[in-house]
Amino acid sequence: MAASTISSSLFTSQICLTTLIFTLLSSSSSSSAAPPPPFKKIYAFGDSYTDTGNTKTSTGPAAFNYVSNPPYGVTFFHHPTNRYSDGRIVVDFVAKALSLPFLPPYRNPNANRSHGVNFAVAGATAIRQSFFLENNITFNLVAQSLQNQLVWFNKMMESEGCKDSKTSPRECRAALSDALIWVGEIGANDYTCSLGSSLSSKTIQALALDTVTVFLQALLNKGAKYIVVQGLPPTGCITYSFALASPDDRDEMGCVASVNRITSAHNAALQAKLGSLRKQYPKSVIVYADYYNSHLTVVKNARKYGFKEQYKVCCGHGGGAYNFDVFNTCGSPSSSSCANPSAYVNWDGAHLTEAAYKVLTDLFLNGSFCSPPFDYLVRKKVQSG
């Protein structure tokens with residue numbers, strides 16, 4: 001398929017959601033004026049796959065501690081924005097599809113928060129930091145966990161008079177009825193931090209999922225009605241994993257088999273938790289975004305989506321099959337970047353290129369990798385008025 005054909009196809013499919021939104025809103029409005037977007041704001045949570053600037057070079061995970069340096073941001077913003085990519089990430093494309101501006105990071109007190117806030121922190125774990133410290137685990141650990149993000153969110157809600165949907169229903173309805181909650185992937189860092197420790201992957205899974213469940217219940221008890229929860233990507237297919245695992249530990253895709261087994265089990269358990277939450281909160285729409293299989297779809301069909309490199313890093317050091325060295329990561333003085341990031345799936349060894357994030361977002365919003373489909377969530381929101 002020619003590059004121009006691929007570009008045209010992606011553009012066409014990316015406008016599908018916008019067209020659907022416009023049609024739904026137009027049919028529910030008697031006004032001839034252009035209808036407003038279905039959501040007025042987005043609140044995002046997660047780790048480096050969702051962070052739009054809460055982490056800087058001085059505060060990020062040690063293995064990727066140069067996010068404030070070029071060439072981060074080179075493709076779209078043309079300067080570093082403390083996003084772990086060459087440009088935009090999934091939550092940026094979600095905002096664009098919903099006709100909303102990019103989400104400002106919570107740690108920027110001067111940002112305009114009228115259309116939402118991003119609480120995601122690079123390196124964040126689901127499990128609280130103190131648990132890892134109690135178990136003598138400090139590897140690549142940052143101070144903020146999902147619990148910290150919830151504290152920030154609660155502080156913002158309380159400033160708007162929203163304590164919970166029972167004691168302050170009017171205020172919480174005003175704060176959350178027009179909000180999309182986007183929970184980016186969270187939990188991968190929990191497994192990475194505990195590598196080489198005495199903690200089993202089953203222990204990490206149980207604690208991480210319990211934490212995520214309590215977190216989601218807190219949002220739902222506040223009055224959140226529309227939530228998207230991303231599963232973990234196939235972390236065994238991330239170049240960083242290749243540097244940590246034995247070359248013999250590979251599956252048919254060339255990915256780290258043991259890591260993908262852990263990730264797949266985590267996602268299956270997460271989906272079961274979401275199923276229980278749907279029964280507990282039937283008035284809310286809770287969508288599972290299948291990061292695992294959407295990412296595998298991109299890797300397996302790399303040429304179809306315009307990618308020449310499935311695993312080789314665009315911005316890294318050392319050349320070879322992967323161009324990755326954990327001691328000389330992207331943005332460090334010894335690193336260099338490729339001329340065309342859009343031909344690569346992987347940007348810096350752990351995070352993806354803008355081009356890859358764009359395809360993944362399209363698969364979430366317009367494809368078959370959300371359950372229930374994302375357009376179902378949009379329809380429910382429009383029908384609610």
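## A tour in selections

Start by selecting E134, which counts as exposed at 55% relative accessibility. The cut-off for that word is a relative accessible area over 50%. The structure on the screen is a predicted model.

**Stop 1: salt bridges**

R128 is partly exposed, with a relative accessible area of 42%.

Next select D92 and R83. These two also form a salt bridge, and their closest N and O atoms are 2.8 Å apart. Are D92 and R83 buried or exposed? D92 is buried, at a relative accessible area of 1%, and R83 is buried too, at 6%. Both values fall under the 20% limit, so both residues take that label.

Now move to K273 and D210, a salt bridge whose closest N and O atoms are 3.3 Å apart. This pair links distant parts of the chain: K273 sits in helix α9 and D210 in helix α7, 63 residues apart. Colour the two helices to see the link. K273 is partly exposed, with a relative accessible area of 31%, and D210 is partly exposed as well, at 40%.

Select K40, D178 and K381 together. Salt bridges with shared partners join these three residues into one network. How many salt bridges are counted by this rule? The count comes to six.

**Stop 2: helix α5**

Select residues 169-176, which make up helix α5. Within this helix, the buried residues are C172, A175 and L176. Turn the view until you look down the axis of α5: the buried residues fall within an arc of 75°, so they line one face of the helix. On the face turned away from that buried side are the exposed residues R170, R173 and A174. Show the two sets in two colours.

What covers the buried residues of α5? The cover includes β1 (41-45), α4 (146-159), β3 (179-183) and α7. Show these elements around α5 before going on.

**Stop 3**

L150 is buried, with a relative accessible area of 7%. Leaving out residues up to four places away in sequence, L150 touches F215, A218 and L219. L150 and K41 are 109 residues apart in sequence, and their C-alpha atoms are 17 Å apart in space.

**Stop 4: the largest cavity**

Rolling a probe the size of a water molecule over the atoms shows where empty space is left. A search of the whole structure finds one cavity of 30 Å³ or more. The volume of the largest cavity is about 60 Å³.

To find the place, select the residues that line the largest cavity: V183, G184, E185, I186, L209, V212, V229, Q230, G231, L232, H266 and L270. Which elements each supply at least two residues of this lining? They are α7, β4 (226-230) and α9. Colour the lining by class: seven of its residues are nonpolar, four are polar and one is charged.

**Stop 5: the largest pocket**

The largest pocket holds about 640 Å³ of space. Of the 34 residues in its lining, those closest to the centre are A188, T192, T235, Y240 and S241. Select these five and centre the view on them.

The elements that give two or more residues to its lining are α6 (188-193), α7 (201-222), α8 (239-244) and α9 (257-280). By class, the pocket lining has 17 nonpolar, 14 polar and three charged residues.

**Stop 6: a last distance**

Finish with Q271, which lies in helix α9. Q271 counts as partly exposed, at 38% relative accessibility. Keep T192 in view, one of the residues closest to the centre of the largest pocket.

Terms used:
Residues are numbered from 1 along each chain as its sequence is written. This is a predicted model: local features need pLDDT of at least 70, side-chain atom pairs count only at pLDDT 80 or more; totals for chains, interfaces and linings use all residues. Side-chain values use heavy atoms; hydrogens and water are left out. On a 1 Å grid over the protein atoms alone, a cavity is a set of points where a 1.4 Å probe fits but cannot get out, and a pocket is an open set with protein on both sides within 12 Å along at least five of seven lines; lining residues have an atom within 4 Å of a point. Grid points are joined across faces, edges and corners, and a volume is the space filled by probe spheres set on the points. Helices (H or I, at least four residues) and strands (E, at least two) are DSSP runs, numbered from the N terminus. Ala, Val, Leu, Ile, Met, Phe, Trp, Tyr, Cys and Pro count as nonpolar, Asp, Glu, Lys and Arg as charged, and the others, Gly among them, as polar. A salt bridge is a side-chain nitrogen of Lys or Arg within 4 Å of a carboxyl oxygen of Asp or Glu. Buried means under 20% relative accessible area, exposed over 50%, partly exposed in between (1.4 Å probe, protein chains only). The arc is that of the directions from the helix axis to the C-beta atoms. Contact means heavy atoms within 4.5 Å.
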